[in-house]
Amino acid sequence: MSLMIMKYSIIETIRSAMPDVENAKEFFEVIAGCFQKNEKAETSTMLSTLIAMRYKVKENIREYIMEMSNLISKLKALKLELLNDLLVHLVLICSLPQFSQFKVSYNTRKEKWTLK
């Protein structure tokens, strides 16, 4: 009875895509499998956001870097680690021409910088 109620309480497009099952527990498992969070898609979305980020004139540079750092932390949680060197380069590449002195300074020094 509960399986019948569940089947008819969801929209027909989802219902037609579900395989026939014997009981309500199996039905829940099938639905959970269909709507489970996809880590690869989430990783791809976050990485695309990180790569597309550009510093805007009206933003605070610190907030911009912190936003990038936050995305990096989320990517690490999804088991995608990016090296600090790459992050520094991304910040420098995406910054405005007003920060060209920082770029020159970074490129002429031997030591490597961190986001801090």
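I start with the surface: Met 1, Met 4, Ile 5 and Tyr 8 make a nonpolar patch of about 530 Å². Patch members have over 30% relative accessible area and no salt bridge; like charges are joined within 9 Å, and nonpolar side chains (Val, Leu, Ile, Met, Phe, Trp, Tyr) within 5 Å. A salt bridge here is a side-chain nitrogen of Lys or Arg within 4 Å of a carboxyl oxygen of Asp or Glu. Areas are Shrake-Rupley with a 1.4 Å probe, and for residues only the protein chains shown count as cover.

A word on provenance: this is a predicted model, where local features need pLDDT of at least 70 and side-chain atom pairs count only at pLDDT 80 or more, while totals for chains, interfaces and linings use all residues. Numbering runs from 1 along each chain as its sequence is written, and side-chain values use heavy atoms, with hydrogens and water left out.

Met 1 sits in the segment before helix H1 (2–9); helices are DSSP runs of H or I, at least four residues, numbered from the N terminus. Is Met 1 buried or exposed? Met 1 is exposed, because its relative accessible area is 74%, and the cut-offs are under 20% for buried, over 50% for exposed and partly exposed in between, with a 1.4 Å probe and protein chains only.

The largest nonpolar core has 18 residues, and Leu 50, Met 53, Tyr 64, Met 68 and Leu 82 have the most contacts inside it. A core is a set of buried Ala, Val, Leu, Ile, Met, Phe, Trp, Tyr and Cys residues joined through side-chain atoms within 4.5 Å. Helices H4 (39–52), H5 (61–77) and H6 each supply at least two residues of this core. Which helix gives the largest share? That is H5, with six residues.

There is also a second, separate core of seven residues, including Met 6, Met 18, Phe 27 and Ile 31.

Now two individual residues. Thr 43, in helix H4, is buried, because its relative accessible area is 14%. Beyond its neighbours within four places in sequence, Thr 43 is in contact (heavy atoms within 4.5 Å) with Leu 75, Leu 78 and Leu 80. Leu 87 belongs to helix H6, residues 84–94, and is buried at 5% relative accessible area.

Last, the domains. The assignment, automatic or from a database, gives domain 1 (1–35) and domain 2 (39–108). Their centres, taken over C-alpha atoms, are 42 Å apart.
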